[in-house]
Amino acid sequence: MSVNRTELLKEKGEQMQNYNTIILSNQEVSPGYFRMRILAPGFGAKARSGQFLMFRVQHLLLPLLRRPFGIFRVGLLPPDCEGMPPKEYVEILYKVVGGGTRIMSELHHGDHVELLGPLGNGFTSGAVKKVKILVGGGIGLVPLYMLASELVTQSPVRLLMGGRTRDDILAVTEFERLGVETYVSTDDGSLGEEGMVTEALKRKLVRFPDAEVYACGPMPMLKAVRDICYKRGVSLQVSLEAHMACGVGACLGCVVKGAAHTEETPQYLCCCKAGPVFMAETLDWGKIDTDDKSCGGCA
Amino acid sequence: MTTSKMANLKRPNLSVEVAGIKMRNPVMPASGTFGYGEEYTPFLDLNQLGAVVTKGLSLRPKAGNAMPRITETVSGMLNAIGLQNVGIDAFIRDKVPFLSRFETPVIVNFFGNSLEEYGEVAARLNDISAIAGVELNISCPNVKQGGIVFGTDPAAASEVVSLVRSRLQKPLIVKLTPNVTDITVIARAVEEAGADAICCINTLTGMSIDVRSRKPSLANKTGGLSGPAIRPVAVRMVYQVAQTVKIPVIGVGGIVNAMDALEFLIVGATAVQVGTANFIDPTAMISVIDGIEQFCIDEGMDDIHQLIGSLQL
């Protein structure tokens with residue numbers, strides 16, 4: 001009567017796994033922003049753009065909980081010696097915003113860590129050949145890189161990247177190398193155009209009214225992007241972040257309000273399971289808390 | 001090889017019986033940290049656990065509290081989920097068939113918004129053969145009628161336990177709150193009212209402030225503190241309760257590894273629950289089970305009962 005676990009996983013199509021692994025590199029790429037490459041055999045084949053992982057500094061209880069991070073990219077490194085398989089890695093990009101990310105920023109090559117993933121629902125590709133506009137605010141650009149690398153094979157892709165200053169603009173050349181047209185705007189004009197990334201979006205949508213939009217960034221930016229797309233009937237997928245303890249739908253700590261939410265019949269969706277990527281129309285934008293202290297960059 | 005050395009090579013017996021529920025080992029998840037079991041099957045085999053304890057269920061689905069619902073504190077976390085759950089009907093329809101595929105006993109945690117609701121849920125659960133026992137939550141600090149009103153007053157606790165007892169033939173575990181002056185008074189009341197076992201402790205009510213915005217970190221203002229920070233409090237209360245009642249006690253509060261679990265067993269808990277640690281390491285309970293077994297082997301014990309209540313004073 002008892003069920004075999006291997007069969008069960010196959011039946012459920014579960015892909016996530018806990019990796020006990022090591023850091024390959026951890027470098028500061030812009031003031032306060034780090035890029036960590038972690039050895040993760042088999043991770044790349046399973047990961048889809050928009051998914052995330054839960055990161056833990058192994059064996060330490062400080063910080064206590066894992067931290068969620070969007071997957072920036074996956075890739076292969078040549079093996080250490082001939083005859084060995086290439087080394088598979090996953091990369092995350094993070095901003096130091098609190099105690100947890102400060103500890104992470106002090107880790108080095110060879111340090112043991114754990115990661116749980118890939119988790120959550122990723123982006124869907126949309127219509128082939130239709131122009132794709134990706135909107136990234138600060139560290140919100142993280143999940144867009146893998147997405148761009150998937151989309152460029154079938155559609156023209158444009159990236160609109162916004163930040164407070166030039167220090168918040170990351171990895172733009174890497175997007176360009178994929179063949180993505182990139183536009184940068186900063187609040188202080190220190191790089192690209194001075195102003196909000198949403199102004200650039202409005203202009204692009206005049207030129208490409210059929211475009212499909214994908215966005216990740218601070219909640220006020222997402223809300224503005226949503227309003228722009230909603231008014232124009234443009235398809236929008238957003239990647240959200242939330243405080244999260246488990247990442248697998250057990251703690252129910254990371255919920256957002258769904259479109260059907262009312263005070264009498266609340267509809268809460270788990271960011272980790274139903275998201276982190278949502279079609280904009282499935283969320284309740286009127287009531288999503290825009291007071292959230294901007295995107296903390298998965299602290 | 002001598003007989004005694006042969007005996008040492010045998011795997012120690014870890015099986016325990018709590019409230020009439022036979023468990024292959026004394027380790028189970030704490031309600032609310034393990035979903036409905038299914039969430040963790042990618043990481044561990046439910047058949048390896050002593051029991052599965054579900055998220056707290058109510059008569060009707062419950063949406064839970066506003067966000068933010070969780071925040072990390074020093075060696076702990078504060079949560080105010082608000083008992084979000086699918087409701088008893090959806091649980092029976094959607095979750096029980098999955099759970100009944102395992103050998104592991106299923107313990108259903110539940111609560112009511114009123115005395116009547118407690119009784120009604122108990123009656124519904126009593127009819128489900130796949131459920132080994134129930135855990136009556138009279139201790140959630142995060143909703144107005146989440147049970148804590150029943151859990152902080154011995155007369156009210158006695159009343160709700162008696163009512164549930166009258167509607168339920170299955171093993172009845174009662175989960176107590178630490179947010180009382182003297183937990184032994186409540187423990188004695190629920191034992192007298194017919195509980196088969198006591199589970200303690202639920203979370204400690206706490207509060208955390210975002211100093212920049214001057215707002216509470218949680219939308220609910222206060223939340224329940226869990227994690228290693230509360231373990232010494234939990235061990236003390238389990239010790240006190242185990243001294244007070246004759247029924248078995250399940251110890252819970254901040255267990256991360258086997259050594260933590262052993263503290264609870266030594267002060268008199270027959271079994272333990274692992275909570276917040278499941279979030280940190282989805283395989284934490286397996287490590288706890290393996291570690292308890294290894295400890296028994298190292299100490300030359302062939303049965304876990306040699307450890308339970310072995311406190312030396």
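Which residue in β16(B) is the bridge partner of B:Gly251? It is B:Val272. The views below come from a predicted model, where local features need pLDDT of at least 70, side-chain atom pairs count only at pLDDT 80 or more, and totals for chains, interfaces and linings use all residues. Residues are numbered from 1 along each chain as its sequence is written, while chains are lettered from A and ligands numbered from 1 in the order in which they are written.

View 1. Strand β16 (residues 271–274) of chain B is covered on both faces. B:Ala271 and B:Gln273 are buried on one side, B:Val272 and B:Val274 on the other. (Buried: 20 or more other C-beta atoms lie within 10 Å of the residue's own, with C-beta atoms placed from the backbone. Strands are DSSP runs of E, at least two residues; helices are runs of H or I, at least four; both are numbered from the N terminus.) Strand β15 (residues 249–252) of chain B runs parallel to β16(B), joined by three bridges. From β15(B) the chain crosses through helix α8 (residues 258–266) to β16(B), a right-handed β-α-β crossover. (Right-handed: with the strands pointing away from the viewer, the path from the first strand over the helix to the second runs clockwise.) Strand β3 (residues 27–29) of chain B also pairs with β16(B) in the parallel sense, over three bridges. (Strands pair if DSSP finds at least two bridges between them.) Here B:Val27 stands opposite B:Val272.

**View 2. The largest nonpolar core.** This core holds 192 residues. B:Val272 is among those that touch the most other members, as are B:Ile198 and A:Val225. (A nonpolar core is a set of buried Ala, Val, Leu, Ile, Met, Phe, Trp, Tyr and Cys residues joined through C-beta atoms within 7 Å.)

**View 3. Around B:Ile198 and helix α6 of chain B.** Leaving aside neighbours within four places in sequence, B:Ile198 is in contact with residues including B:Ala187, B:Val190 and B:Val241. (Contact: C-beta atoms, placed from the backbone, lie within 7 Å.) B:Ala187 and B:Val190 belong to helix α6 (residues 183–192), and both are buried. Just after α6(B), B:Gly194 takes a positive phi of about 115°.

**View 4. Where chain B meets chain A.** 34 residues of chain B are in contact with 28 residues of chain A. On the chain B side, β5 (70–73), β6 (76–79) and α9 (276–280) each supply at least two residues.

Terms used. Buried ≥ 20, exposed ≤ 12 C-beta atoms within 10 Å, placed from the backbone. Contact = placed C-beta atoms within 7 Å.
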